[in-house]
Structures are given as C-alpha cells and as structure tokens.
Amino acid sequence: MAIKSTNDMMFTAFEPKLQNRFLMLIDGIPSYLIKKIDRPNISFTELTLDHINVKRKIKGKGTWGNITCDLYDPVTPSGAQAVMEWVRLSHESVTGRDGYSDFYKKDIRFNTLGPVGDVVEEWICKGAFVTGVEFGSGDWTSSTPMEISLTISMDYAILNY
C-alpha cells in the first residue's frame, strides 16, 4: 500500500476563477453589453457493440451544445440593433432571403479574467451563429433594465489555456 505524501493530504491555497470576471468578444456587439454567458459544453453519443452475449460501449459523435447569452439593451448603442445586424446576415425579414454561412458564422471568444484583469482562460467558439433571440418585454410596474437573450449554436470550441 502506497503512503500518501503530506502535500496530497494538506490544503493547498489556490485562486478560484470567478463567474463575474469574464469578457466575451463577439464581432459587432460591444463587450460591456454582455451580462451573462454560458461556457461551452459538449456531449457524446454512446454506441453499443453487441458481441455474442455481452455488450461493449464506446463513444460516438460529439455535439457542442448551444450557448445562452444575456445582453443589456441600452438606448445607445442599441443592443437590439447590434443583435439584428447579426441576425440579418443569416435571414433578412423584409425580403425573406437567407445568407451564406460564410456571412453569418463568426468565431467568438470567451475570456476568463484573473484578479488583476489578466486572461487566465480562453475559449474560441468556431462557426458560431444565432439560432434564437428573445428581445424581452416591457413592464410598466418595473424599472429593471431591458435585456436580450441570445441562443448561439457553434460547430466546435477550442480551449487555448
């Protein structure tokens, strides 16, 4: 039986990544409008291989999940206008025309910041595009800021560091 070292058993101080220290870089949308965003996620299908009287399982294809992004919608610059400019690259409501994927797919960056503002983690979401937008609602009984919720799909993500 191996004996554990004291380094394995004792608490080691560390600096946690905090949820409020992030910067999202989406071309056309000012970073300071982004209130909340999901980090990338992936899931895999499971394949079962039958052999005589046993089953063996292996990993199948991976699918990168959608990301939800909440934005503030100020008077100037208009968050709704910035989002609609991205949406119009994939679908123009007035004419009914759709765009080529080269026009509406973007690479977006999610940077987690350290306590002094240094980038400690960087995700690049490749081929990202808008799959849904909720422009929020008006409410005469509330003085809460208006928000926009985006659903973003992507081809894949890369964790640089």
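The model I am showing is predicted.

I will take the second largest pocket to begin with. About 160 Å³ of space lies in it. Its lining is made up of Gly136, Ser137, Gly138, Asp139, Ser142, Ser143, Thr144, Pro145, Met146 and Glu147. Sorted by type, that lining gives 2 nonpolar, 6 polar and 2 charged residues.

Now the largest pocket, with about 240 Å³ of space. What types of residue line the largest pocket? The lining has 4 nonpolar, 2 polar and 5 charged residues. Among the lining residues are Lys17, Arg39, Phe110 and Thr112. Strand E2, residues 34-37, and strand E6, residues 106-113, each supply at least two residues of this lining.

Is Glu121 buried or exposed? Glu121 counts as buried, because its relative accessibility is 3% and the cut-off for buried is under 20%.

Which side chains make polar contacts with the side chain of Glu121? One is that of Lys17, at 2.6 Å. Another is that of Arg39, at 2.7 Å. Setting aside neighbours within four places in sequence, Glu121 is in contact with Lys17, Arg39, Phe110, Asn111, Thr112, Leu159 and Tyr161. To repeat the link, Lys17, Arg39, Phe110 and Thr112 also belong to the lining of the largest pocket.

That is all from me.

Key
Residues numbered from 1 in each chain as written. Predicted model: local features only at pLDDT ≥ 70, side-chain atom pairs only at ≥ 80, totals over all residues. Heavy atoms only, no water. Buried < 20%, exposed > 50% of the residue type's maximum accessible area, 1.4 Å probe, protein only. Polar contact = N/O pair within 3.5 Å; in protein donor to acceptor, adjacent residues only side chain to side chain. Contact = heavy atoms within 4.5 Å. 1 Å grid on protein atoms, 1.4 Å probe; cavity = no way out; pocket = protein on both sides within 12 Å on 5 of 7 lines; lining within 4 Å. Points joined across faces, edges and corners; volume = space filled by probe spheres on them. Helix = DSSP H or I, 4+ residues; strand = E, 2+ residues; numbered from the N terminus. Nonpolar A, V, L, I, M, F, W, Y, C, P; charged D, E, K, R; others polar.
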